[in-house]
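I opened my notebook for this one and wrote down what I looked up, in the order I went.

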Number of protein chains: 2
Amino acid sequence: MSFKPISDIGEFGLIERISSIVAPTCETKPRLLEGIGDDCAVYELSSSTVQVATTDLLLEQVHFDLLTTPLQHLGSKAISVNVSDICAMNAKPSYALVSIALPSKASVEFVETVYSGMSETATRYNTALAGGDTSASSGGIVISVMVAGEAEKERISYRKGAEPGNLICVTGSLGGAAAGLKVLMREKNIMLEHIKHGEKYDKDVMSNLEEYNDAIRQQLLPSARIDIVEFFHRHDITPTSMIDISDGLASDLAHICKRSGVGAHIEEGRIPILSQARHIADEFQDDAVNYALSGGEDYELLFTLKEEHFSAIASHPDITVIGKITPAEKGLLLSDIYGMNIDLKTIGGFNHFRKKAQG
Amino acid sequence: MSFKPISDIGEFGLIERISSIVAPTCETKPRLLEGIGDDCAVYELSSSTVQVATTDLLLEQVHFDLLTTPLQHLGSKAISVNVSDICAMNAKPSYALVSIALPSKASVEFVETVYSGMSETATRYNTALAGGDTSASSGGIVISVMVAGEAEKERISYRKGAEPGNLICVTGSLGGAAAGLKVLMREKNIMLEHIKHGEKYDKDVMSNLEEYNDAIRQQLLPSARIDIVEFFHRHDITPTSMIDISDGLASDLAHICKRSGVGAHIEEGRIPILSQARHIADEFQDDAVNYALSGGEDYELLFTLKEEHFSAIASHPDITVIGKITPAEKGLLLSDIYGMNIDLKTIGGFNHFRKKAQG
């Protein structure tokens, strides 16, 4: 009997297999309005309100590296990436459950620092850390966070509601997280080289990373855009679709288009790029637009809006219109700064389980 | 600077530290009725209904061993242990989120088998598998499950409501999970010995485990007692306190007593022990009562009841009264079959992070 390696079908293929196995458990629950396939599951609480819920697993050496991640930031990011999924539904977080598995090397102070980061960040999002689980780990640290949030049913933005003619918008500026990671990896390698050769690695030999602060911050301490959700609620705007940018703009826009059955046309020149990401890309002889398109982890919001709502967002300093939704048959296109159209599907995003040859 | 190893304060010490760090995030959320400290977090949905939510992290080599655990059972148990926490609040499950991290050795068929076990068991509990996360793992398999449930606010049973004079009851029979684990570990060691010596290990040399089926089943395929919750709801019974037996009867009764500020007096002769657990204990020259008191993982319910409700439960074939709640100053006592009183606090339960010398 032969077994199929997961890399043969990739992360999204695996999720499709899992979806079809668990589908029968969802079909008998009419109150489950959305299962696998969006940023959150959506569960009806009453005729007018829903709960949204999401979970993320963070593993040492897969999702974070303690050589480049301060513990306080690790705790903060674990909360933010989940709250970001809540925001991507146009909802606000209520409470979180946190599980942690600890190797024997972990000290009490270590755990306290991680939870301090979580607690401080949860307070910022008005989210209660309501419970969880602690366990030993025979490998590295494992953190699992689940966040539940709430919204009026009619305010929820799914991935599936985009329609031709809708404006495509992003918040903040992109590419910072990928650029910050580049700098952190370079510094890590410098450190490891010093250690390997028995040379000291201290303040005197460390690079001055201050000029990269914004990008490193975007990588280590991303913020969930709850301020944007509050802006939407205040102005009575419900995006026709929304997702948070965790895999990269190209891949996340493709998720919206696939679920909505539409195409998209965005313009490279309109994509807001973090200025430090441009400097870092220059240093590494990369293209900063690629950081934005396929770097991921910026945790900004990507959403679509009926054109009539343009005036409501036009004056917001942190929302940028980057293109328009098109009929499905037009495909996913990026017009580059020379006016050439590039097929966005040829630009990958982050994918666990991809074949080695691909990434 | 010196760091305190977690084994210095143990699992419950660690949970206390975490509770105090996250407390400020809960204090500003009046709708969070219960945070860390019970089987579930309790969140108010309306003036009459609450949501309960729980999460558990399962790690390969810490919580399960693929040499002795069929994948289908692994998936089933991951759901059951969480639904058991929902039942321990006298609530019923609504939906679950499941995260899984997979080492490169895992195949597509492997994942499908685990999720089939989850799906089948979730269907039995009328619980939707509504979402989750998939990821690569650089170590073993990690499964994180979160389950949310619902109940009328006045039906919820906390750990903290036991009062002197209340009857102490358990469901089912105990000790099976620990006894089953003993048999599985013995078989695993036989297998490893065969492999070590280059001898074949197949059906001909495998022990016939049929006579241990009930105990092994309790270990590998525990059931959450949702039938008991339904019985309570049907008979309008709300236990004054309740917990599921995951750490062992002694330890879990101590949790109820600590949170309720009471003592307890139980009788060894009344503790329902799985008859196979007695046979297995004889084989291993163990005491089956110890499997029940400190083995854990039976996932039966331990609850306290006002005496006036005795008649309602008296005829239930699967509920046994094992003692009475006493004032706190009486302590936690077990009368053994010779009438001697033993301090239950001297009998430990399961504790991650315990010092090596202790366990």
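**Entry 1: chain A overall.** I started with contacts (heavy atoms within 4.5 Å). In chain A, 82% of the contacts between residues at least 6 apart in sequence join residues at least 24 apart. I noted that this is a predicted model, where local features need pLDDT of at least 70, side-chain atom pairs count only at pLDDT 80 or more, and totals for chains, interfaces and linings use all residues. Residues are numbered from 1 along each chain as its sequence is written, chains are lettered from A and ligands numbered from 1 in the order written, and side-chain values use heavy atoms, with hydrogens and water left out.

I then looked up the secondary structure, as DSSP runs numbered from the N terminus (helices are H or I, at least four residues; strands are E, at least two). Chain A has ten helices and 13 strands. Its radius of gyration, taken over C-alpha atoms, is 21 Å, close to the 21 Å that the globule rule gives for 359 residues, so chain A is as compact as a globular protein of that length. That rule is 2.2 Å times the number of residues to the power 0.38. The C-alpha trace of chain A spans about 60 × 55 × 50 Å along its principal axes.

Of the 359 residues in chain A, 58% are buried, meaning under 20% relative accessible area with a 1.4 Å probe, protein chains only.

**Entry 2: cysteines.** How many disulfides does the structure hold over all chains? I found zero, taking a disulfide as a pair of cysteine sulfur atoms within 2.5 Å. For Cys169(A), the closest cysteine sulfur is in Cys257(A), 13 Å away and too far for a bond. Cys169(A) is also buried, at 0% relative accessibility.

**Entry 3: helix α9 of chain B.** I finished with residues 288-295, where the buried ones are Ala288(B), Val289(B), Tyr291(B), Ala292(B) and Leu293(B). Their cover includes α4, α7, α8 and β12 of chain B. After α9(B) comes Gly296(B), with a positive phi near 75°.

Technical notes
Buried < 20%, exposed > 50% of the residue type's maximum accessible area, 1.4 Å probe, protein only.
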